Amino acid sequence: MSQSPTRDDFDRYMVPNYSPQRTIPVRGEGSRLWDQDGREYIDFAGGIAVNALGHCHPALVSALKAQADTLWHLSNVYTNEPALALAKSLVERTFADKAYFCSSGGEANEAAFKLARRWAYDNVGAHKDKIVSFRQSFHGRTLFTVSVGGQPKYSEGFGPIPGRIEHAVYNDLDSVRALIDDETCAVVVEPMQGEGGVVPADPDFLSGLRMLCDEHQALLVFDEVQSGVGRSGHLYAYMHYGVTPDILTSAKALGGGFPVGAMLTTDRVAPSLAVGTHGSTYGGNPLACAVALAAVETIDTAEVLEGVMHRHALFKEHLEAINREYGIFKEVRGLGLLLGAEMAPAYEGRAKEILPLAMEEGLMALVAGPNVLRMAPSLVISEAEVREGMARLERAVARLVQDA
Ligand SMILES: Cc1ncc(COP(=O)(O)O)c(C=O)c1O
């Protein structure tokens with residue numbers, strides 16, 4: 001009889017680039033998960049902003065099952081109905097005229113950065129290749145995306161890295177003015193930095209970036225891999241700010257747990273990814289696109305998006321109540337259902353210590369860097385689950401404070 005895999009098998013058989021928790025979840029339903037021993041957890045982590053409709057949402061399960069019985073894969077030698085339906089749906093719902101599909105956020109950004117350079121090359125010349133990005137930003141783990149990302153630890157030791165990439169200070173327009181010039185092909189920004197500590201952009205900052213890009217004929221690229229698909233309370237966070245990019249990347253919640261990524265752009269820019277310039281075997285895979293279409297159609301409704309705003313208020317209320325009692329946070333911030341609680345000076349750098357305590361209390365949460373406790377729950381988590389999850393978080397916080 002074969003035995004269930006254990007956490008020790010991770011250390012034995014897998015490359016050591018992750019350090020997962022000891023517990024192995026085996027089943028999920030909505031905002032609850034169960035581990036190998038049948039222990040139940042409330043999920044405030046949402047697979048790092050992926051499970052936007054919780055676990056095994058009926059609309060996604062039924063789209064996946066129907067597609068699984070119909071057609072799995074064709075490659076891009078042929079197109080397919082789910083990919084065309086998803087492209088049409090995203091174009092009709094956003095600023096975009098065209099979509100490109102891939103399998104992850106990193107790949108969507110890789111396509112975006114290549115498109116920006118190629119567009120400048122086609123329309124101005126090879127010298128217009130500079131990319132301006134931001135410190136603390138995160139755009140993925142390919143060599144190009146870690147180089148555009150503003151956290152040097154992720155590219156350290158992997159050089160030589162791609163050149164002509166400069167990093168300004170997030171929410172500081174003057175620092176962008178100092179770097180941008182007519183050789184800049186793109187400014188790349190997350191409308192809300194996720195991995196960098198859950199920091200929403202100031203509205204004036206994003207509109208200022210739009211103006212600077214127009215002044216210098218550069219493309220504005222919004223990385224909405226974490227902020228997109230309902231998380232901000234709008235389908236995409238650019239809609240919250242009223243600032244329209246030239247290229248937008250999406251992944252994570254787009255597939256609700258099925259791997260899929262998309263790059264959206266306009267008819268002005270798209271022609272530079274002409275036949276043969278870029279591609280991916282799995283891009284537009286029918287299973288992925290069928291699930292993503294169901295996710296987008298389910299999420300982009302007044303009921304779900306207004307529910308995100310309501311739940312945001314509920315999360316904030318609870319976090320602030322915990323803080324009044326324990327004084328553990330300096331600030332609670334975020335948009336919609338991407339929330340960050342920055343640790344108070346007395347607990348500087350200790351956000352991560354909350355996670356195992358929370359697991360013991362039956363709650364899954366996240367951090368964003370050493371100093372921010374992060375939550376990215378399902379957009380349709382019930383009020384009762386928020387309340388129960390917060391009671392568990394409070395017990396974990398009390399234990400941290402007690403041990404301090
Ligand atoms: C803003 C942002 N961009 C890109 C990525 C990379 O996405 P993936 O891990 O799917 O490649 C992430 C992942 O955390 C992200 O938060």
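The questions and answers that follow go through a predicted model, one region at a time.

Visitor: Which residue has a side chain joined to that of His55 by a polar contact of 2.7 Å?
Guide: Leaving aside neighbours within four places in sequence, His55 is in contact with Gly28, Glu29, Gly30, Arg32, Leu33 and Asp43. In that list is the partner of the polar contact of 2.7 Å between side chains, and this partner is Asp43.

Visitor: Turning to aromatic rings, how is the pair of Phe95 and Tyr238 arranged?
Guide: A search of the whole structure finds seven aromatic pairs, and one of them is formed by Phe95 and Tyr238. A pair of aromatic rings is described by the distance of the centres and the angle of the planes. For Phe95 and Tyr238 the centres are 5.4 Å apart and the planes stand at 90 degrees, and since an angle over 60 counts as edge-to-face, the arrangement is edge-to-face.

Visitor: Why is the pair of Phe113 and Phe144 described as it is?
Guide: The ring centres of Phe113 and Phe144 lie 5.5 Å apart, with the planes at 70 degrees, so the pair is edge-to-face. This pair, too, links distant parts of the chain, from Phe113 in helix α5 (residues 105-123) to Phe144 in helix α6 (residues 143-148), 31 residues apart. Both Phe113 and Phe144 are buried. The term asked for, given the angle of 70 degrees, is edge-to-face.

Visitor: Which residue has its charged end over the ring of Trp34?
Guide: Here a charged end sits over a ring, at 4.2 Å from the ring centre. The ring is that of Trp34, and the residue whose charged end sits over this ring is Arg27.

Visitor: Next comes helix α8; what span does it reach from its first C-alpha to its last?
Guide: Helix α8 (residues 203-215) has 13 residues, for which 18 Å is expected at 1.5 Å a residue.

Visitor: Which residue has its backbone oxygen 2.9 Å from a polar atom of the side chain of Arg210?
Guide: Arg210 lies in helix α8, and at 15% relative accessibility Arg210 counts as buried. Not counting residues up to four places away in sequence, Arg210 touches Ala218, Leu220, Val243, Thr244, Pro245 and Asp246. The backbone oxygen 2.9 Å from a polar side-chain atom of Arg210 belongs to Thr244.

Visitor: Which residues come nearest to the ligand?
Guide: A backbone N or O atom of Gly105 lies 2.8 Å from an oxygen atom of the ligand, while a polar side-chain atom of Asp223 is 2.7 Å from a nitrogen atom of the ligand. An N or O atom in the side chain of Gln226 is also 2.7 Å from an oxygen atom of the ligand. Of the 13 residues around the ligand, those that come nearest are Gly105, Gly106, Asp223, Gln226 and Lys252.

Visitor: Which residue with a positive phi follows α11?
Guide: Helix α11 (residues 302-326) has 25 residues, which should span 36 Å at 1.5 Å a residue, and the end C-alpha atoms are 36 Å apart, which agrees. The buried residues of α11 pack against α10 (286-299), β13 (329-335), β14 (338-343), β17 (372-375) and α13 (383-403). After α11 comes a residue whose phi is positive, near 55 degrees, namely Gly327.

Visitor: Finally, how many residues of helix α12 are buried?
Guide: Helix α12 (residues 354-361) is mostly covered, and what covers its buried residues includes β3 (40-43), β14, β17 and α13. The buried residues are Ile354, Leu355, Leu357, Ala358, Met359 and Glu361. Of the eight residues in α12, the number buried is six.

Technical notes
Residues are numbered from 1 along each chain as its sequence is written. This is a predicted model: local features need pLDDT of at least 70, side-chain atom pairs count only at pLDDT 80 or more; totals for chains, interfaces and linings use all residues. Side-chain values use heavy atoms; hydrogens and water are left out. A polar contact is a pair of N or O atoms within 3.5 Å; within protein, one must be able to donate a hydrogen and the other to accept it, and residues adjacent in sequence count only if both atoms are side-chain atoms. Contact means heavy atoms within 4.5 Å. Rings of Phe, Tyr and Trp (its six-membered ring) pair if their centres lie within 6.5 Å; planes under 30 degrees apart count as stacked, over 60 as edge-to-face and the rest as tilted. Helices (H or I, at least four residues) and strands (E, at least two) are DSSP runs, numbered from the N terminus. Buried means under 20% relative accessible area, exposed over 50%, partly exposed in between (1.4 Å probe, protein chains only). A charge sits over a ring if NZ of Lys or CZ of Arg is within 6 Å of the ring centre and within 35 degrees of the ring normal. The expected span of a helix is 1.5 Å times one less than its number of residues. A residue is near a molecule or strand if one of its heavy atoms lies within 4 Å of it.
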